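I opened a new notebook page for this chain. My plan was to look up its surface, its fold and its side-chain pairs, one entry at a time.

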Amino acid sequence: MVDLPNVVSLTFRDHENSFLAGVAAALTTETGKVGFIGGIEGAVIDRFQTGFEAGVHYVDETIDVDIQYANSFNDAAAGQQIAAAMYSNGADVIFHAAGAVGNGVFQEAINRMEDGSATQLWVIGVDRDQSSEGDWGDGENLTLGSTIKNVGAAVGQSATSAMEDNFQGGENIAYGLSEGGIDFVTNENMPQETKDAIEDAREKIVSGEIEVPEFTYTEAE
C-alpha cells in the first residue's frame, strides 16, 4: 500500500477465489491428495495457499494438501520437477500460483497423460483462464479451472470513483468476489454437481456465511 494523498492502492482478495479452487480440487480428487505450487513466498502467494487449503478442507478435512514453492515465477523446469514429484506421490490435482512456473506444471501433467497415466490428472490455473494450456491428445483437456483477476474492472471502478469526485487517496481498496474483482472459472469438463457446489460456496463467501482465512505464514504487506 502507498500512503500518499494522490495514490489509491488496489489489491485483491485472492484467498476467496482460491477457496473455490480448493473446493473444486477436493470434489475432483480420486486419490485424496492434492498439491499447491507457489512461486516465491510472500503475503500475496500466502493468500492463494491459505484460501486453497481452506477450500479443500471445507469439503473434506482428510484430504492431504502437499505445499511446495519454486522460489521463482519464471522457472518452468522447476515447476515441472515439483509437479512430477507431487504426481508421483499421489496428488492428482495441482493448483499453481507461480506465474510461468505453471507452464512446467501443465507440461508434466500432459506428458503423464500422454504416456497413459492410470490416474486422471488435473491442473488449476491462475490469474487468467488457462483452459488452453491444458489441451492434450485429440480434444482432451486437463485444466480443471482457473482463478482470475479482473484487473480492468477494478481499475474501472476506481477511475469512475475519481470522476465522481470520490477519489480515495491514500486508501487501500481490496477487491473480492462481491466486487467482481476476482473470479473462479470452470472448464466445460467439470461435472455440474461440482459447479453447483462451487457456486454455493461463492454465495456463502459473498454473504459472509463463509469467512475465508487470508494468511498462514505472513501478515498483510
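**Surface.** I then looked up burial: 50% of the 221 residues are buried. Buried means under 20% relative accessible area, exposed means over 50%, and partly exposed lies in between.

**Ground rules.** I noted that this is a predicted model, in which local features need pLDDT of at least 70 and side-chain atom pairs count only at pLDDT 80 or more, while totals for chains, interfaces and linings use all residues. Residues are numbered from 1 along each chain as its sequence is written, and side-chain values use heavy atoms, with hydrogens and water left out.

**Fold.** I listed six helices and ten strands. Both are DSSP runs numbered from the N terminus: helices are H or I with at least four residues, strands are E with at least two. Next I checked contacts, meaning heavy atoms within 4.5 Å. Of the contacts with a separation of 6 or more, 75% come from residues 24 or more positions apart.

**Strands 2 and 3.** I looked up how strand 2 (residues 33–38) meets strand 3 (residues 64–69), and they pair in the parallel sense over six bridges. Two strands pair if DSSP finds at least two bridges between them. Val34 has Val65 in strand 3 as its bridge partner. Between these strands the chain runs through helix 2, and this β-α-β crossover is right-handed. Right-handed means that, with the strands pointing away from the viewer, the path from the first strand over the helix to the second runs clockwise.

**Aromatic pairs.** How many aromatic pairs does the structure hold? I found eight. Rings of Phe, Tyr and Trp (its six-membered ring) pair if their centres lie within 6.5 Å; planes under 30 degrees apart count as stacked, over 60 as edge-to-face and the rest as tilted.

I picked out Phe19 and Tyr58, a tilted pair at 5.3 Å centre to centre with 55° between the planes. Phe19 sits in helix 1 (residues 14–28) and Tyr58 in helix 2 (residues 43–59), so to speak two distant parts of the chain, 39 residues apart. Phe19 has 3% relative accessibility, so it counts as buried. Tyr58 has 40%, so it counts as partly exposed.

I then took Phe48 and Phe95, whose ring centres are 6.4 Å apart with planes at 55°, so this pair is tilted. Phe48 is in helix 2 and Phe95 in strand 4 (residues 93–97), 47 residues apart. Both residues are buried. Phe48 and Phe95 also belong to one aromatic cluster with Phe36, Phe52, Tyr69 and Tyr217.

**Salt bridges.** I found eleven salt bridges. Each is a side-chain nitrogen of Lys or Arg within 4 Å of a carboxyl oxygen of Asp or Glu.

Which residues does Lys149 meet in salt bridges? One is Asp14, at 3.2 Å from N to O. Lys149 lies in strand 8 (residues 143–149) and Asp14 in helix 1, so the pair ties together parts that are 135 residues apart in sequence. Lys149 is partly exposed at 23% relative accessible area, whereas Asp14 is buried at 3%.

Asp127 is also a partner of Lys149, with the closest N and O atoms 3.1 Å apart. Asp127 is in strand 5 (residues 122–127), 22 residues from Lys149.

I also noted Glu133 and Arg128, which meet at 2.4 Å, N to O. Arg128 is partly exposed, with a relative accessible area of 44%. Elsewhere, salt bridges that share partners join Arg13, Glu16 and Glu179 into one network.

**Positive phi.** I looked up Asp127 again: its phi is near 70°, a positive value in a residue other than glycine. Asp127 is partly exposed, at 39% relative accessible area. Asn71 is not a glycine either, and its phi is positive at about 55°. Asn71 lies in the loop between strand 3 and helix 3 (76–88). Asn71 is exposed, with a relative accessible area of 61%.

Conventions
Buried means under 20% relative accessible area, exposed over 50%, partly exposed in between (1.4 Å probe, protein chains only).
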